Amino acid sequence: MPELPGLKPGGIAARARAAIAPAGPQASYLAGLNPEQREAVETLDGPLLVLAGAGTGKTRVLTARVAHILASGRAFPSQILVVTFTNKAAREMKDRIHGMVGDQIEGMPWLGTFHSIGVRILRRHHELVGLKSGFTILDTDDQIRLLKQLLAAENIDEKRWPARLLASTIDGWKNRGLSPKDVPPGEGAVFANGKGGMLYAAYQDRLKALNAVDFGDLLLEGIRLFRENPDVLAEYHRRFKYLLVDEYQDTNVAQYLWLRLLAQGSKNVCCVGDDDQSIYGWRGAEVDNILRFESDFPGAKVIRLERNYRSTGHILASAAHLIAHNEGRLGKTLFSEGDEGERVSVTGAWDSGEEARAVGEEIEALQRAGHRLSEIAILVRASFQMREFEDRFVTLGMPYRVIGGPRFYERAEIRDALAYLRCVNSTADDLAFERIVNVPKRGIGDATVKQIHDVARAAGVPLQEAARVLTESEELKPKVRGTLRGLIQAFERWREQARVMSHTEIAEIVLDESGYTEMWQKDRSAEAAGRLENLKELVRSMEPFENLSGFLEHISLVMDVDNGAGEDAVQVMTLHSAKGLEFDTVFLPGWEEGLFPHQRALDDQGKAGLEEERRLAYVGITRARASARIWFASNRRIHGMWNSTVPSRFLDELPDAHVQVEESRGGMGWGGSSYGGGGSYGQSRFDRAEPFAASSYSTPGWQRAQTQRGRTDSGGSGGGRGGFSERGGRYDAGASARRGPMVIEGTLVASSSAPSSAFKRGERVFHIKFGYGEITGIDGNKLTVQFDKAGEKRVVDTFVEKA
DNA sequence: TCCCTTTCACTTTTT
DNA sequence: GTGAAAGGGA
């Protein structure tokens, strides 16, 4: 299409579309929508809540709605506000709208994350909230260093009151939309014997002095801006004719307040979300926001999307039955029109190692059957679980990819490199200067840094300037003085060069001449090569930007690199990072009490915590299109200690009719299941499962476990060959002859396989978790023990030893 | 100032 | 068991 000079592409596009293709049955973006989706797209006036269950085409509705608004000529692209949580979601949305509406719409200016739109607004009105232009955005690392300084200045023991804790406390306040003066005195007093509120205020002052904001401020200051300047708010009211919010169940109070202020204008606010997928309560998300929508926005219409296009019947029914155990929900019932598919499988393993082995074998079988590895995912509750799977995949030579983990820009080398660039970009970036002044080590230690600080404070100048002044005085030792002067001069030189060179060239020069690259080249550790690679990647990622400051501006908010997507590899990630994704086959390992639901969630949040864990389980199951395979292990090492575990209560909440309880081909699933408070899980069908209770020790799995244990040093590498073939013959042979105590890494795990227990009533025993106790009852291999500390528990005899 | 030893925690994570 | 961070000694 030829360019039309002087005309705004967006405006033309919208009008042209409206003229050529008026919104009607024939509009292409409406094609293929079901009636509910279509209603959600076409209900343009007034507040609308779209409750979109998992796999019901939520993104499709959002993008079609934008297309519809544009095509019907109701608004220009610049008059639509679309907010998402992650950059990834924003990018996807942009791409899809682009695909629907076409080239003419040059990206919608107000489509982005809460934070990126927040910055955009603050940059336009910075003077109204007391910021200078070009303010910097601090990330968590900067925040913590700043808070450490504040704590030190207040003589607060950092051991007792860690900066991290203060940071998350302040974050929590900001998430709830509280500025220092709004913090309830009682709450402010919680930290450091009453100094919490004061520290928060001091922190905000420091931020202002540094001309910086943190992530929370991007919204909080926006709220303040709107409240204190009605004329500014009115301007945005006029501007935004339509507001759309993705993942509304994840909004926190600050985001809610921010949004509500903006929505007072046109009232055409459409929020899309799923209360059953709210899994971010721990970082301030308020499910309440979505539950309250109808009362918050009077006259709101609610549309439910319940037709699921992703999963088979059994999977959907299992997920639905599970989530029905939650009380705080709006209630939806997903249904699918596809076939029932295969049942959700539940399998027990002896321990986490066997769990990983068995899952690895199943994946190999799937691979042989022609499944693509990238359509297989392992979703874990906690990242430490990934390790065993990774180890396994390495020995199997199975390609895998870990999603999530430390983000690219959070890596030390990237942050160091960025700090150098920030110093080149601005002489006033004190935090960046402090970070790299002695990286690589050049003999400028704490003592010198403190001196620089003193000069800076006294003269009211930034650290770089103070350092320059200091090198001109006689106060430093000659050696230090020389190095510091060299560094300052280097920065001046780089700044000069930055004017004439491209920013990527400058970056390379800076990293090279500062000795930073050399530092890693000399480093003998295993990660050094990867770090150098990351530095190269950083420079590469700068290319699309116009200049250094443009790059730095974006990097604080948006920085994720493609980590080799598209290659055929098993996807390993946490349940949290799986939200929004889908796979043909999903493995869900580690469904054990204490791990999932996580003990900490139960301890800290009680019932609310349990319900959030349950939602997490729901998210996990609904990621699967065709096959969901749940696992639990009877023994897991927690904090370096082997613990026997109890199958997760969520397993009992799955509907029998849709679940296939598998006998692990490795056997041994149900070994020791009696940990876990109260007897309420004693009734679990997984406790009663017969094949294992009486005859555990003659199953192939047990023998295999023993054999593997016996080959002490072969653990990992010995299992390299696929497992199925080894199973049948080898481990069965002579199995029943194996008797006697079994010691694993110094812990007595099993002492007897005799059908009648070797224990007697009244005998004193020791349990690794519960300590000492006295046997009060014997039932097969299960003992009832009155523990001195832990009270009465039912335990399998293999987990206690005679005291 | 640096390096080594001790100590501590250990759920989830975006911006 | 493991890794990161902090403190103390060289």
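I began with the atoms of DNA strand B within 4 Å of the protein: 61% of them belong to sugar or phosphate, and the rest to bases. I note that the model is a predicted one.

Next I listed the protein side. I found 29 residues surrounding DNA strand B, and the closest are Arg381, Ser383, Arg407, Thr574 and Arg600. By class, I recorded seven nonpolar, 15 polar and seven charged residues on this surface.

For Arg381, I found a side-chain N or O atom 2.3 Å from a base oxygen of DNA strand B. Ala447 uses its backbone instead: one of its backbone N or O atoms lies 3.3 Å from a phosphate oxygen of DNA strand B. I asked which elements give two or more residues to this surface, and they are helix 20 (446-459) and helix 27 (575-578). Helix 20 gives the most, with three residues.

The largest nonpolar core has 49 residues, and I noted Phe433, Phe491, Trp494 and Leu538 as the members touching the most others. Helix 18 (residues 412-425) supplies the largest share of this core, eight residues. Apart from this core I found another, of 43 residues, including Leu219, Leu243, Leu262 and Val269.

Finally, I checked Phe433 with its neighbours within four places in sequence left aside. Phe433 is in contact with Cys423, Leu463, Gln464, Ala467, Leu487, Ile488 and Phe491.

Definitions and conventions:
Residues are numbered from 1 along each chain as its sequence is written. Chains are lettered from A and ligands numbered from 1 in the order in which they are written. This is a predicted model: local features need pLDDT of at least 70, side-chain atom pairs count only at pLDDT 80 or more; totals for chains, interfaces and linings use all residues. Side-chain values use heavy atoms; hydrogens and water are left out. A nonpolar core is a set of buried Ala, Val, Leu, Ile, Met, Phe, Trp, Tyr and Cys residues joined through side-chain atoms within 4.5 Å. Buried means under 20% relative accessible area, exposed over 50%, partly exposed in between (1.4 Å probe, protein chains only). Helices (H or I, at least four residues) and strands (E, at least two) are DSSP runs, numbered from the N terminus. Contact means heavy atoms within 4.5 Å. A residue is near a molecule or strand if one of its heavy atoms lies within 4 Å of it. A polar contact is a pair of N or O atoms within 3.5 Å; within protein, one must be able to donate a hydrogen and the other to accept it, and residues adjacent in sequence count only if both atoms are side-chain atoms. Ala, Val, Leu, Ile, Met, Phe, Trp, Tyr, Cys and Pro count as nonpolar, Asp, Glu, Lys and Arg as charged, and the others, Gly among them, as polar.
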